Amino acid sequence: QLIPLIGFISVGMGSAVLYLLRLALYSPDVSWDRKNNPEPWNKLSPTDQYKFLAVSTDYKSLKKDRPSF
């Protein structure tokens, strides 16, 4: 009776680890390379999807609303 419980706990922990890896590698708020790219959030275009799930936002139709530096 413990085998399904261990399986569900393993799947939950595995998905949590994968989500944390995704946040650490693809989030614009995290800067791993401070010498070459100290501010990675400035290089995002308005069409880059940075949210995990965008229900009602169409990123392809957005326009740039901030200046380029």
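Which residues form a nonpolar patch on the surface? Val17, Leu18, Leu21, Leu25, Tyr26, Val30 and Trp32 do, and together they have about 820 Å² of accessible area. The model discussed here is predicted.

## Overall fold

The protein chain has 69 residues, and buried residues make up 9% of them.

Contacts between residues at least 6 apart in sequence can be split by how far apart the partners lie along the chain. In this chain, 13% of such contacts join residues at least 24 apart.

The accessible surface of the chain amounts to about 6600 Å². Carbon and sulfur atoms account for 62% of that surface.

## The annotated region

An unreviewed UniProt entry carries the annotation "transmembrane region" for residues 6–25. This comes from the record, and such annotations may be inferred rather than shown by experiment.

In the model, the stretch of residues 6–25 is 100% helix and 0% strand.

Is Tyr26 buried or exposed? Tyr26 counts as exposed because its relative accessible area is 66%, and the cut-off for exposed is over 50%.

## Asn37, after the helix

Asn37 belongs to the segment that follows H1. Its relative accessibility is 24%, so Asn37 is classed as partly exposed; this class lies between the buried limit of under 20% and the exposed limit of over 50%.

Which residues does Asn37 contact, apart from its neighbours within four places in sequence? Asn37 is in contact with Ser31 and Lys43.

Conventions: Residues are numbered from 1 along each chain as its sequence is written. This is a predicted model: local features need pLDDT of at least 70, side-chain atom pairs count only at pLDDT 80 or more; totals for chains, interfaces and linings use all residues. Side-chain values use heavy atoms; hydrogens and water are left out. Helices (H or I, at least four residues) and strands (E, at least two) are DSSP runs, numbered from the N terminus. Buried means under 20% relative accessible area, exposed over 50%, partly exposed in between (1.4 Å probe, protein chains only). Contact means heavy atoms within 4.5 Å. Accessible areas come from the Shrake-Rupley method with a 1.4 Å probe; for residues, only the protein chains shown count as cover. Patches are made of residues with over 30% relative accessible area and no salt bridge: like charges are joined within 9 Å, nonpolar side chains (Val, Leu, Ile, Met, Phe, Trp, Tyr) within 5 Å. A salt bridge is a side-chain nitrogen of Lys or Arg within 4 Å of a carboxyl oxygen of Asp or Glu.
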